Amino acid sequence: VLQRIGQRATRLLRFIDAYRELNQLPAAQPDWLDLSQLVKHCAELLAVQVRYQGPTWCVADAVLFEQLLLNVLKNAQQAVPADSACIDISYVCQQQQQILHIQDHGLGFANPANLFTPFYTTKTDGLGVGLTLCRDIMHLHQGDLQASNTEQGALLTARWPLPAQPSKTNLT
């Protein structure tokens with residue numbers, strides 16, 4: 001009985017932390033950042049293999065994008081079989097839009113209709129805040145996050161505008 005109470009208390013604390021995190025995102029402060037290095041850093045933290053294609057630099061908030069990448073890569077890592085654990089990430093800039101595609105090679109999303117529903121999860125140990133948090137991060141960048149299933153697995157697409165005159169403080 002005490003063990004079950006302890007487990008429930010731990011879950012409630014995780015829920016409270018997740019709820020607080022979801023409601024306390026700082027305002028985005030986009031600047032030039034080395035997206036390829038940020039992807040590499042996040043992949044190393046999670047010990048996941050990533051193939052990155054595209055330009056090195058993008059304009060985004062580095063702290064918020066690190067959180068976005070960690071959430072998405074963790075989800076992808078959990079979704080793919082061990083023998084196909086490589087995640088493909090591609091970044092393009094078309095006209096004034098920045099587009100980031102993140103593709104895993106798993107079975108796809110189990111319930112796409114509820115992917116961005118806060119606190120809904122299909123995972124036994126999940127809290128259901130990861131993708132909601134990622135979508136909120138994209139909204140802070142005046143962008144959006146979309147999800148779909150493909151023949152290769154799950155695909156997340158982040159789109160956000162390229163500012164007309166972004167600062168270049170991170171390029172030096």
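## Terms and confidence

A residue is called buried when its relative accessible area is under 20% and exposed when that area is over 50%, with partly exposed used for what lies in between. The model discussed here is predicted, and the protein averages a pLDDT of 80, with 70% of the residues scoring at least 70. Confidence is lowest in helix α1, where the mean is 66, and highest in strand β3 (residues 57–60), where the figure is 96.

## Salt bridges

The count of salt bridges comes to two. In one of them Asp 88 is joined to Arg 51, and the closest N and O atoms of this pair are 2.6 Å apart. Because Asp 88 belongs to strand β4 and Arg 51 to strand β2 (residues 50–53), the pair ties together parts that are 37 residues apart in sequence. Asp 88 has a relative accessible area of 21% and is therefore partly exposed, and Arg 51, at 43%, is partly exposed as well.

The side chains of Arg 135 and Asp 144 also meet in a salt bridge, for which the N to O distance is 3.5 Å. Arg 135 counts as partly exposed because its relative accessibility is 24%. For Asp 144 the relative accessibility is 27%, so this residue, too, counts as partly exposed.

## Aromatic pairs

A search of the whole structure finds two aromatic pairs. Phe 65 and Trp 160 form a tilted pair, with 4.9 Å from centre to centre and 55° between the planes. Since Phe 65 lies in helix α3 (residues 62–79) and Trp 160 in strand β7 (residues 153–161), this pair ties together parts that are 95 residues apart in sequence. Phe 65 counts as buried because its relative accessibility is 0%, and Trp 160, with a relative accessible area of 1%, is buried too.

Tyr 91 and Trp 160 make a pair whose ring centres are 6.2 Å apart and whose planes meet at 35°, so that this pair is tilted. Because Tyr 91 is located in strand β4 (residues 87–94) and Trp 160 in strand β7, the pair ties together parts that are 69 residues apart in sequence. Tyr 91 is buried, as is Trp 160, and the residues Phe 65, Tyr 91 and Trp 160 form one aromatic cluster.

In soluble globular proteins, nonpolar side chains tend to be buried together. The largest nonpolar core of this model has 32 residues, and those with the most contacts inside it are Leu 35, Leu 69, Leu 100 and Trp 160. At least two residues of this core are supplied by each of α2 (35–46), β3, α3, β4, β5 (97–103), α4 (130–140) and β7. Helix α3 provides the largest share of the core, namely eight residues.

## Nonpolar surface patch

Val 1, Leu 2 and Ile 5 form a nonpolar patch on the surface, and together they have about 370 Å² of accessible area. Val 1 is placed in the segment before α1 (2–22), and this residue counts as exposed because its relative accessibility is 70%.

Terms used. Residues are numbered from 1 along each chain as its sequence is written. Side-chain values use heavy atoms; hydrogens and water are left out. Rings of Phe, Tyr and Trp (its six-membered ring) pair if their centres lie within 6.5 Å; planes under 30 degrees apart count as stacked, over 60 as edge-to-face and the rest as tilted. Helices (H or I, at least four residues) and strands (E, at least two) are DSSP runs, numbered from the N terminus. Buried means under 20% relative accessible area, exposed over 50%, partly exposed in between (1.4 Å probe, protein chains only). Patches are made of residues with over 30% relative accessible area and no salt bridge: like charges are joined within 9 Å, nonpolar side chains (Val, Leu, Ile, Met, Phe, Trp, Tyr) within 5 Å. Accessible areas come from the Shrake-Rupley method with a 1.4 Å probe; for residues, only the protein chains shown count as cover. A salt bridge is a side-chain nitrogen of Lys or Arg within 4 Å of a carboxyl oxygen of Asp or Glu. pLDDT is the predictor's confidence in each residue, from 0 to 100. A nonpolar core is a set of buried Ala, Val, Leu, Ile, Met, Phe, Trp, Tyr and Cys residues joined through side-chain atoms within 4.5 Å.
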